[in-house]
Amino acid sequence: MPTSSEFKDFVLECLESCGTHYHFKAKKMFGEYCIYVWDSCEISSPKPIFLLCDETLFIKQHKELATILESAPKAPFYKGTKQEWHILDIDSISLLQEIIETIVPLLPEPKTKKPRKQ
């Protein structure tokens with residue numbers, strides 16, 4: 001079941017209400033959504049942080065999040081992938097805030113795309 005636009009909007013509202021200075025936006029990707037974050041205090045490019053698939057919020061397993069998410073369930077974000085990601089509880093604003101403040105400063109800058117040859 002693909003993620004609905006209403007659920008995507010709800011997740012973005014929850015992320016924005018975490019009380020951090022970060023902003024979030026979602027882009028449709030393969031029928032689901034990738035959620036990007038950027039720092040409102042700096043001029044920076046949006047960085048991918050979450051995947052929203054089948055009405056579920058996923059974050060990649062990072063060693064910096066191991067203790068924070070030790071009891072969080074893990075699952076592949078789509079059928080057929082071998083890599084498992086953490087499933088996040090959207091209703092836990094304090095957990096989302098801790099995750100965001102921990103991982104966003106560590107995310108690499110997105111790679112710039114090379115122009116296509118014509």
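Glu55 is partly exposed, with a relative accessible area of 24%, where partly exposed refers to the range between buried, under 20% relative accessible area, and exposed, over 50% (1.4 Å probe, protein chains only). This residue is found in the loop between E3 and E4, and its phi is near 60°, a positive value in a residue other than glycine; the names of helices (H or I, at least four residues) and strands (E, at least two) refer to DSSP runs, numbered from the N terminus. A positive phi, near 55°, also occurs in Phe30, likewise a residue other than glycine. Phe30 lies in the loop between E1 and E2 and is exposed, with a relative accessible area of 83%.

The model is a predicted one, in which local features need pLDDT of at least 70 and side-chain atom pairs count only at pLDDT 80 or more, whereas totals for chains, interfaces and linings use all residues. Residues are numbered from 1 along each chain as its sequence is written, and side-chain values use heavy atoms, with hydrogens and water left out.

The interior was examined in terms of nonpolar cores, a nonpolar core being a set of buried Ala, Val, Leu, Ile, Met, Phe, Trp, Tyr and Cys residues joined through side-chain atoms within 4.5 Å. The largest nonpolar core holds 29 residues, of which Ile35 and Phe50 touch the most other members. Two or more residues of this core are given by each of helix H1 (5-16), strand E1 (22-29), strand E2 (32-39), strand E3 (47-53), strand E4 (56-59) and helix H2 (93-103). When residues up to four places away in sequence are not counted, Phe50 touches Leu15, Phe24, Tyr33, Cys34, Ile35, Leu57, Phe58, Ile59, Leu88 and Ile100, contact here meaning heavy atoms within 4.5 Å.

The cysteines were considered next. In general, a disulfide is a covalent bond between the sulfur atoms of two cysteines. With a disulfide taken as a pair of cysteine sulfur atoms within 2.5 Å, a search of the whole structure finds zero disulfides. The cysteine sulfur closest to that of Cys34 belongs to Cys53 and is 8.9 Å away, and therefore too far for a bond. Cys34 counts as buried, at 5% relative accessibility, and Cys53 is also buried, with a relative accessible area of 7%.

Side chains of opposite charge can pair when their charged atoms come close. For a salt bridge, the criterion is a side-chain nitrogen of Lys or Arg within 4 Å of a carboxyl oxygen of Asp or Glu, and two salt bridges are found in a search of the whole structure. In one of them, the side chains of Asp9 and Lys8 meet with an N to O distance of 3.1 Å; Asp9 is partly exposed, at a relative accessible area of 34%, whereas Lys8 counts as buried, at 14%. Glu109 forms a salt bridge with Lys47, and the closest N and O atoms of this pair are 3.5 Å apart. The pair links distant parts of the chain, since Glu109 is in the segment after H2 and Lys47 is in strand E3, 62 residues apart. Glu109 is partly exposed, with a relative accessible area of 46%, while Lys47 is buried, with a value of 12%.

The largest share of the lining, six residues, comes from E3. Met29 lies in strand E1 and counts as partly exposed, at 32% relative accessibility. Leaving aside its neighbours within four places in sequence, Met29 is in contact with Cys34 and Tyr36.
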